[in-house]
Amino acid sequence: MKYGLHYIYWQKDLKCTSYVPYVEKVKSLGFDLLELGDYLILRMPPGEVEALAAASREQHIELSLGLDPPGDCALTDESESVRRKGIAFYSHVFPRLEKLGIRTLGGNLLNAAPRAPLNQYLEKEWEHGIASVQKIGQAAREYGISLNIEICNRFEGHILNTAAQGVEFVKAVDMPNVKILLDTFHMNIEEDSFYKAFLTAGNYLGHVHLGENHRRLPGKGHLPWNEIRDGLKAISYQGGMVMEPLVNAGDELGDCCRIWRDMTDKASAQEMEASAKKAVGFIQYLFE
């Protein structure tokens, strides 16, 4: 397995100017993978793309990306023009990912505001989502990229909330490079059992996010990590496991992720890095 950390651990907003320093940080802390996010990936000039690719190679750090569609690009929208815009958004990302050596793209791809009456529109959203993801999946396959649709809790999405729903959806998409992403924070809200949810996902599980019940680093909350380990081992999961701690209050994160209080315990930069190093040691010990 490869153990990763999301760059958002150090951020209060989505205004990162360069990912390069985070490559060196995660390497020094004992991680194998750095997960990127937000739309900087699209704004990076060619020189920055080359610098990030070079840093990744030199540090032997694999890169992955989490990317939700912009608000006006919903893949399940009733408007065909909006859905086409969302498909084009993702398709335009793939050439850049190839330059960075990124082979894993995840995110809440079906992120959309629920419409009323929900019970009437949900079936249409499901159908539109399948058709859109099939088109994106085909484009991704040409670059050797896998799509991993994140299964989110009811407060962040209404189409796919459980592993069972995710598996049903990707079975309908029916593409080998389209799988699901399970996040232990979201699972804690929606699943009856971590173990059973991982068994349900089985070979359809392509990526994993690790986070506590309150989105802190693993080991700082009350999640049953032995059960999580046993579930992943039961399906012989060998993919990436990325910690996605959202702990910095204020600015954009306070609004979009509801981080209203400081979750770092007012830690210094050195203490933040020490906590991350301890967390990866905990997960390595747990699984290995």
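Is Cys73 buried or exposed? Cys73 has 4% relative accessibility, so it counts as buried (under 20% relative accessible area; exposed is over 50%, partly exposed in between, with a 1.4 Å probe and protein chains only).

## Basis of the model

This is a predicted model, in which local features need pLDDT of at least 70 and side-chain atom pairs count only at pLDDT 80 or more, while totals for chains, interfaces and linings use all residues. Residues are numbered from 1 along each chain as its sequence is written, and side-chain values use heavy atoms, without hydrogens and water.

## Fold and dimensions

The protein chain contains 11 helices and 8 strands, taken as DSSP runs (H or I, at least four residues, for helices; E, at least two, for strands). The C-alpha trace spans about 50 × 45 × 35 Å along its principal axes.

Of contacts (heavy atoms within 4.5 Å) between residues at least 6 apart in sequence, 75% join residues at least 24 apart.

## Burial and surface

Buried residues account for 55% of the 288 residues in the protein chain. The chain exposes about 13000 Å², by the Shrake-Rupley method with a 1.4 Å probe. Carbon and sulfur atoms supply 49% of that area.

## Cysteines

Cys152 is also buried, because its relative accessible area is 4%. A disulfide is a covalent bond between the sulfur atoms of two cysteines. The structure holds 0 disulfides, counted as pairs of cysteine sulfur atoms within 2.5 Å.
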